[in-house]
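Visitor: Please give me a close account of a single part of this structure, with the criteria behind each term. Which surroundings does that part have?

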Amino acid sequence: MHKLVASLTLSLGLIGLATPVLAATAYPLTIANCGREITFDKAPSRVVSIGQGMTEILFSLGLADKVAGTAVWVGPVLPQYAEINRGIQRLADNDPSFESVVGREPDLVAAEFEWHVGAQGSVGKREQFAQLGIDTYVAPADCVAKVNTNGGDGVRAELFTMDLVYQQIAELAEIFDVTERGDALIADLKQRETAARASVAAASGKNLPVVFWFSSKEVDGDAFIAGRNGAPAYILRTLGAGNVVDTQEEWPLVGWETIADANPAVIVIATMDRRRYAADNPEVKIDFLESDPVTRELDAVRNRRFVLMDAQAMNPTIRTIDGIEILANGIKTFGLSR
């Protein structure tokens with residue numbers, strides 16, 4: 001009997017030793033973020049999220065109960081968060097005012113883009129929020145090897161990779177003391193990315209000329225086309241395809257005569273609910289391409305090689321992996337795989 005008790009005690013002890021201990025954030029926590037150091041004495045209790053990609057990461061980390069308001073939306077939230085999102089105040093579809101953000105009494109403002117919260121922030125400067133005791137966090141993907149002082153969408157000196165999104169997830173998880181959730185989310189996304197790469201290994205479009213069209217201020221004017229180092233470039237690099245635009249600007253305005261010289265084989269068209277610019281509507285984009293005397297002669301237009309892609313997949317977000325899958329499927333469907 002004594003031997004049995006001893007055996008059980010030993011077994012239970014070994015089970016206890018094998019039980020993983022979840023890592024907890026050690027506060028105060030200091031994080032280097034886009035040229036600033038932020039120190040958190042505890043996990044934030046109220047966060048205003050400026051940027052759909054930022055909001056969807058917070059939701060994916062199970063932090064919806066911490067979100068006091070959102071802004072800057074280009075389309076529907078990820079389907080699994082539709083019900084949650086309906087219960088959270090939307091401050092604006094586009095840029096919210098500084099007063100509306102502060103009015104939600106956040107202890108953290110998290111922004112997807114530095115041009116919303118940064119040195120020239122359209123919503124507010126980081127110093128303005130700091131003066132009110134409000135911390136700010138900007139997505140690393142928008143400031144690492146990227147300059148946002150030109151008044152546009154910025155200039156990216158190095159190719160974006162999903163590692164910057166994984167860094168954002170890990171940092172937010174640590175800030176909110178949910179590191180185990182962050183680790184799980186990163187592992188899942190990496191698995192999806194690996195699967196996406198494998199699915200197109202035999203179907204990549206080697207050097208296939210592709211153009212990503214986000215929108216245009218005027219339908220028949222210069223277009224916001226993806227530069228060579230943003231999220232679309234990462235998608236193209238993964239598939240072995242080529243970008244028809246060779247500039248470090250994130251979303252340069254490019255004339256269709258210039259695009260016609262490159263004669264893209266495929267045109268990726270952003271889809272969105274946003275109607276900020278004349279060409280936000282994908283149907284308007286296609287109508288223009290098929291009716292304009294210059295664009296209707298493009299190889300992609302004559303063969304109707306249009307790939308519709310959610311605009312969020314064209315931004316550095318967790319949806320960029322979707323973009324790899326969507327374009328790969330289009331290349332296969334068009335019979336352009338090599």
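Guide: Val-266 lies in strand β14, where strands are DSSP runs of E of at least two residues and helices runs of H or I of at least four, numbered from the N terminus. The model is predicted, so local features need pLDDT of at least 70 and side-chain atom pairs pLDDT 80 or more, while totals for chains, interfaces and linings use all residues. Residues are numbered from 1 along each chain as its sequence is written, and side-chain values use heavy atoms, with hydrogens and water left out.

With a relative accessible area of 1%, Val-266 is buried (under 20%; exposed is over 50%, partly exposed in between, with a 1.4 Å probe and protein chains only). Beyond residues up to four places away in sequence, Val-266 touches Leu-208, Pro-209, Val-210, Val-211, Ala-300, Arg-305, Val-307, Leu-327, Phe-334 and Leu-336, contact meaning heavy atoms within 4.5 Å. By contrast, 41 Å separates the C-alpha atoms of Val-266 and Arg-126, which are 140 residues apart along the chain.

One of the residues that Val-266 touches, Leu-327, is also among the buried residues of helix α12. Besides Leu-327, the buried residues of α12 are Thr-320, Ile-321, Gly-323, Ile-324, Ala-328, Gly-330 and Ile-331. An α-helix has 3.6 residues a turn, so residues three or four places apart point the same way. The buried residues of α12 pack against the strands β10 (209-215), β14 (266-271) and β15 (306-310), and against the helices α6 (163-175), α7 (179-199) and α8 (231-239). Just after α12, Gly-335 takes a positive phi of about 70 degrees.

The axes of α8 and α12 come within 9 Å and cross at roughly 50 degrees, axes being lines fitted to C-alpha atoms over the stretch in contact and angles running from 0 to 180 degrees between N-to-C directions. The two helices α8 and α12 are therefore oblique to each other (under 35 degrees is roughly parallel, over 145 roughly antiparallel, 65 to 115 roughly perpendicular, and the rest oblique). On the α8 side the contact involves Ala-231, Tyr-234, Ile-235, Leu-236, Thr-238 and Leu-239, which meet Thr-320, Gly-323, Ile-324, Leu-327, Ala-328 and Ile-331 in α12. The residues of this contact of α8 with α12 divide into nine nonpolar, three polar and no charged (Ala, Val, Leu, Ile, Met, Phe, Trp, Tyr, Cys and Pro count as nonpolar, Asp, Glu, Lys and Arg as charged, and the others, Gly among them, as polar).

Another neighbour of the buried residues of α12 is α7, which contains Thr-179. Thr-179 is buried, with a relative accessible area of 17%. Setting aside residues up to four places away in sequence, Thr-179 touches Ala-23, Thr-25, Ala-173 and Glu-174.
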